[in-house]
Amino acid sequence: MNKVLMKGNEACAEAAIRSGCKSYFGYPITPQNEITAYMSKALPKIDGGVFVQAESEIGAIHMVYGCAGSGVRCMTSSSSPGISLKAEGISYLAGADLPCVIVNIQRGGPGLGTIQPSQADYFQATKAIGHGDLKIPTLAPNSVQEMVDMTVKAFEIAEKYRTPVMILADGLLGQMMEPVSFGNIKNNAEVYPYGANGHGGKRKKNITNSLYLDALVLEKCVNERFERYTKIVEAETDAEFDKDADIVVAAYGSTSRVVKSAVEMARAEGINAGVFRPKTLWPFPEKQLKEATKNAKAVLVSEMSMGQMIDDVKMALEFKLPVEFYGRQGGFVPNPVEIFKKIKELGGKY
Amino acid sequence: MSKAYEILTAGFGGQGVLFGAKMLAEIGLLDGKEVTWFPAYGPAMRGGTCNCSVVISDTPIGSPVVASPNLLIAMNGPSYDKFIGTVASGGKAFVDSTLANSDASASKPVDGVEVFNLPATQLALDNNLVGMANIIMLGKLIKETGFASAETVEKAMKLVTEGKEHLFDLNMKALKIGAEY
């Protein structure tokens, strides 16, 4: 398969288009600008393609709400501060059971923070992406190739379960170039049968709504949604990991690559270390983590934050194993030697 | 190409630091290697100092951020000062001596680092190749490291100048000037 050098942002946009996404609504913010820029060039050339640079992130997510509501595959992207602005619209999309893909190329925060890479939006993505009882499947790529593969997957999950799906990447993945192949991405976009798109009285009305003032109706609606979430947990949870390690190092996204280098250094010194990498953050791969840590003495979690995924790791392990943390903040990507030193420390301690 | 390269290119924004790095990454890709290219994408661009990490390896690449390069291209004084001390022993550094004075700098390479000074910016001016000092530097690097075959280099240049075919010959000339200096 022919490979081309591409930035993660551009590869994500190209993958979306190839899978049949013709509608994009966004607002510029570093470090995700290449997605918006790529869409602005490519979509107007496609029959039926729609690109709108909205007046704000809030405008963009509500355009997605309208587009998905009319039954059409669509997406938006932003970076951390912009995702906060989209929170209201994401909650409405979840409340109306509408599929869409939202890409977050994370940067450091809080506030405007920095434009450099970060993983400090894990809590936001997996615990509180908007108000109300809701979850959104969250995929965590760690290479430019996965920016492609997971974009395709995100649309499939979104439409299969009628839910917004987030791709949680970061500035490093968005900005770096790697060889990438688009393989045989199928254009499998269809107009959703539940779209409110005008029908001239030929069928029953489709209604897009997230307001249920009758408690009985809302409760039923929320419960039905959580039944779908249970199916997502069963079918879509994904991780890759080494088996039988003494020291398990858990990390996702960019950090998992650095961790892999650090684990190789540790193994070269005779420490039986292994990597645990969630590919879905919600649902968090609890069973897979238990399997990966079956014979482990301790777990190290590494993130570009003060420690967020570490909570899910501790809960999945039911607080039975010592769990320590090594992270960098402010836009720093940890280097393998730093993490290797921490692995060595754990190796001596446990 | 047989060993793993961890390359850092650095200079002013506008000197083609990212483009030069992309050329090296394309060569790696054509040689069937694993490749990453990661730019400093901050306010460092456009007039400030700018740098780019390229890793080329036979095995999957962990961190794409190069902290201790085995090849450095320093296109100006501030880049030389900042990065020369980070080059790993056994590595090579290529310095644009028109804009960086390695003798006068307080920063020194560690033992075992080979430093090549060439006045790339001046050579570019003298040869009517303004803006191609970066490619002259590449020419020297490719020659001194046996980085890739002439055929692969030419193929990569075709790729990176796609859509701007008039630049192909000029870039090939710049590579030659660097290689022959």
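Tyr5(B) is placed in strand S1 (residues 5–12) of chain B; helices (H or I, at least four residues) and strands (E, at least two) are DSSP runs, numbered from the N terminus. Tyr5(B) is buried, with 21 other C-beta atoms within 10 Å. A residue counts as buried if 20 or more other C-beta atoms lie within 10 Å of its own, as exposed if 12 or fewer do, and as partly exposed in between, with C-beta atoms placed from the backbone. Leaving aside residues up to four places away in sequence, Tyr5(B) touches Ile56(B), Asn70(B) and Leu71(B). Contact here requires that the C-beta atoms of two residues, placed from the backbone, lie within 7 Å. The C-alpha atoms of Tyr5(B) and Ala67(B) are separated by 12 Å, and these residues are 62 residues apart along the chain.

A word on conventions is in order. This is a predicted model, in which local features need pLDDT of at least 70 and side-chain atom pairs count only at pLDDT 80 or more, while totals for chains, interfaces and linings use all residues. Residues are numbered from 1 along each chain as its sequence is written, and chains are lettered from A and ligands numbered from 1 in the order in which they are written.

I turn now to chain A and its sheet. In what order do the seven strands of the open sheet stand? The order is S3-S2-S4-S5-S7-S6-S12 (chain A), with mixed pairing; two strands pair if DSSP finds at least two bridges between them. Strand S3 (50–53) and strand S12 (280–282) of chain A are at the edges, each with a single partner strand, so one side of each has no neighbour in the sheet.

Let us consider strand S5 (residues 100–106) of chain A, which is mostly covered, with seven of its seven residues buried. From S5(A), Cys100(A), Ile102(A), Asn104(A) and Gln106(A) point one way, whereas Val101(A), Val103(A) and Ile105(A) point the other way. In a regular strand the side chains alternate between the two faces of the sheet. Strand S4 (residues 74–78) of chain A pairs with S5(A) in the parallel sense over four bridges, and Ile102(A) is the bridge partner of Thr76(A). Together with helix H4 (residues 80–95) of chain A, S4(A) and S5(A) make a right-handed β-α-β unit. Right-handed means that, with the strands pointing away from the viewer, the path from the first strand over the helix to the second runs clockwise.

S5(A) is also joined to S7(A), in parallel, by seven bridges. Met166(A) in S7(A) is the bridge partner of Ile102(A), and Val103(A) stands opposite Ile167(A). Is S7(A) buried or exposed? Seven of the seven residues of S7(A) are buried, so this strand is largely enclosed by the rest of the structure. Pro164(A), Met166(A), Leu168(A) and Asp170(A) point one way from S7(A), and Val165(A), Ile167(A) and Ala169(A) the other way.

S6(A) pairs with S7(A) in the parallel sense over two bridges. Leu139(A) stands opposite Ile167(A), and Thr138(A) has Met166(A) as its bridge partner. From S6(A) the chain crosses through H6(A) to S7(A), and this β-α-β crossover is right-handed.

Helix H6 (residues 144–161) of chain A has 18 residues and reaches 26 Å from its first C-alpha to its last, close to the 26 Å expected at 1.5 Å a residue; the expected span is 1.5 Å times one less than the number of residues. Of the 18 residues of H6(A), 15 are buried. Just after H6(A), Arg162(A) takes a positive phi of about 50°.

Next, the domains. The assignment gives chain A domain 1 (4–236) and domain 2 (239–349), with bounds from an automatic or database domain assignment. Their C-alpha centres lie 28 Å apart. In domain 1 of chain A, 27 residues are in contact with 22 residues of domain 2 of chain A. H5(A) gives the most to this side of domain 1, with four residues.

Finally, the two chains: 18 residues of chain A are in contact with 15 residues of chain B. Which element gives the largest share of the side of chain A that touches chain B? That element is H9(A), with four residues. By class, this side of chain A has 10 nonpolar, four polar and four charged residues. Ala, Val, Leu, Ile, Met, Phe, Trp, Tyr, Cys and Pro count as nonpolar, Asp, Glu, Lys and Arg as charged, and the others, Gly among them, as polar.
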